[in-house]
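Please look through the sequence and the structure shown below before reading on. The report that follows takes up a few parts of the fold, one after another.

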Amino acid sequence: RLQELNDTIEAQKRIAALSETSAEAAVLRTKSALDFAKKRLNWTTVTASMSGTVTNLDIEAGEIITSGRSAFSSGPPIMTIADLSKMIVRVPINEVDMGQIRIGQRAEITVSAFPGKKFPGLIYQIAPSGLVSENVVRFQVEIEVVGSPPELLPGMTADVDIFVVDRPDALQAPIEAVLEDDAVGIFVAVPDTEMAQLNQGETVKVETRLGKQVNARLSSVSNPVRLTLLDDTKSWRPGPVEFSIVTSAGGRIASLSGNVTQTKSYYVEVPDGEPTPEGPPKANKVTVDVGVKNEGFYEVLSGVSPGTKVLVRPPRADANPFGRPGGR
C-alpha cells in the first residue's frame, strides 16, 4: 500500500509540473496577445513623417480606413503634407539640352498668378534617367525656389528660364539680323606655347606647303582652334591638311596638321549710307562669329563692334508657312 501511495504522489507531481508548464505557456500567449493589441492600438495614431502644411485631406472624421500594415495592399492616403518652406519646381528637359544643365545653375521662375514677377531659383537635383513621352526622352530637373515666397502655392503652373551662360556686357544682335552661309573651316590643335599669338576674331593667313596664302579668321582660340577661310574656298576639299599660320603681327606657327570641314558661317548686313526715297541703302556683308543665343538675340563674339548698325530684313513671302503674306 505504501508503494501505491508513493506512485500516486509521483504521478500527481508530474501532473502538477505539466499544469505549471501549460500555465506558463498560457501566460506567454496572453502576454503576446497583449503586446499585439497594444501595437494595433498604436497604429490607430498616425504620426506624420515630416513637419509641414496639410494641402489635401482625403479622409474625413468618422470614415473607416484600412491599415497598410494589416492589409495585403497599402492603405489609402489620409492627407497630403507639404513643406512650404522649401518650394520646388519640377521641369521636364529635352535630352538634347541636358548637356547644358548642371546642378547649381541659376534660374528665373514666373507663374501666371503674378505676371511680370520673377522668382529666383537654383537647380539642385537632376534625374539620373529619362522618361519617354511622345517619342521624346525628357529628364526631370528639380529647381529650388530661393526663399520660397509665401505667395507661391503647390500645384501652380510655372515657366522656367535656366541660365546656361551668364556673361556681362555681351554684344548682341537680333536673330533676324544674323544670316547663315556655307563656309570652309579648319580645325587644328595648336601647341600651348603658341596660343599666346592667337586672338579670337583676328584675321590671319593660312599658308599651305606650296606657299599659297589664304585669309582666314580665328573663330575660336580654344583647342582645337577653328579658322574660317575668307576667300578662295572652292579649292579646299574636306580632309587632312598641313599648313602654317601667319599672324597679323608677323608671327608664324609652322608645321600644323589640321582637318578641313564644311561648316556654317554667320554674317550681318551693314548699311552703306542712309535710306533714300528710292529705297533702302546698299548693304555690305560682314562675317561675324556668334556664341550662344536666346529667344531674341545672338551673342556676337567678333566681326562688328558695339553701335554698328545692321539691317533687319522682313521675312520673305515665300518663307511664310501659310503660303501668303500676312498669314498668321
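## Accessibility and confidence

A residue is called exposed when its relative accessible area is over 50%, and buried when that value is under 20%. The structure shown here is a predicted model, and its chain has a mean pLDDT of 85, with 92% of the residues reaching 70 or more. Over residues 319-328, however, the pLDDT is below 50, and this stretch has five contacts in the model beyond near neighbours in sequence.

Ser255 lies in strand E15, which covers residues 252-272, and because its relative accessible area is 71%, Ser255 counts as exposed. The phi angle of Ser255 is near 55°, which is a positive value in a residue other than glycine.

Ser244 has its place in strand E14, residues 239-246, and it counts as buried because its relative accessibility is 9%, under the limit of 20%. Leaving aside residues up to four places away in sequence, Ser244 touches Lys205, Val206, Glu207, Arg252, Ile253, Ala254 and Ser255.

## Two hairpins in a row

Strand E11 (residues 203-208) pairs with strand E12 (residues 213-220) in the antiparallel sense, over five bridges, and Val206 has Val214 in E12 as its bridge partner. The hairpin of E11 and E12 has four residues between the strands, and there Gly211 takes a positive phi near 90°. Leu210 is found in the loop between E11 and E12, and it is exposed because its relative accessible area of 85% is over the limit of 50%. Although Leu210 and Phe243 are 33 residues apart in sequence, their C-alpha atoms are 9.1 Å apart in space.

A hairpin of four residues also joins E12 to E13. E12 and strand E13 (residues 225-229) pair in the antiparallel sense over four bridges, and Ser220 has Arg226 in E13 as its bridge partner.

E3 and strand E7 (residues 136-145) run antiparallel and are joined by seven bridges, with Val89 standing opposite Ile143 in E7. In the loop between E7 and E8 is Ser148, which has a positive phi of about 45° although it is not a glycine. Is Ser148 buried or exposed? Ser148 counts as buried, because its relative accessibility of 9% is under 20%.

## The largest pocket

Rolling a probe the size of a water molecule over the atoms shows where empty space is left. In this model, the largest pocket holds about 720 Å³ of space. Of the 23 residues that line the largest pocket, Ile162, Phe163, Val164, Lys293 and Asn294 are the closest to its centre.

Which strands each supply at least two residues of this lining? They are strand E3 (88-94), strand E8 (158-162), strand E16 (282-293) and strand E17 (297-302). Sorted by class, the lining of the largest pocket has twelve nonpolar, four polar and seven charged residues.

Methods:
Residues numbered from 1 in each chain as written. Predicted model: local features only at pLDDT ≥ 70, side-chain atom pairs only at ≥ 80, totals over all residues. Heavy atoms only, no water. Pairing = 2+ DSSP bridges. Buried < 20%, exposed > 50% of the residue type's maximum accessible area, 1.4 Å probe, protein only. pLDDT = per-residue confidence, 0-100. Contact = heavy atoms within 4.5 Å. 1 Å grid on protein atoms, 1.4 Å probe; cavity = no way out; pocket = protein on both sides within 12 Å on 5 of 7 lines; lining within 4 Å. Points joined across faces, edges and corners; volume = space filled by probe spheres on them. Nonpolar A, V, L, I, M, F, W, Y, C, P; charged D, E, K, R; others polar.
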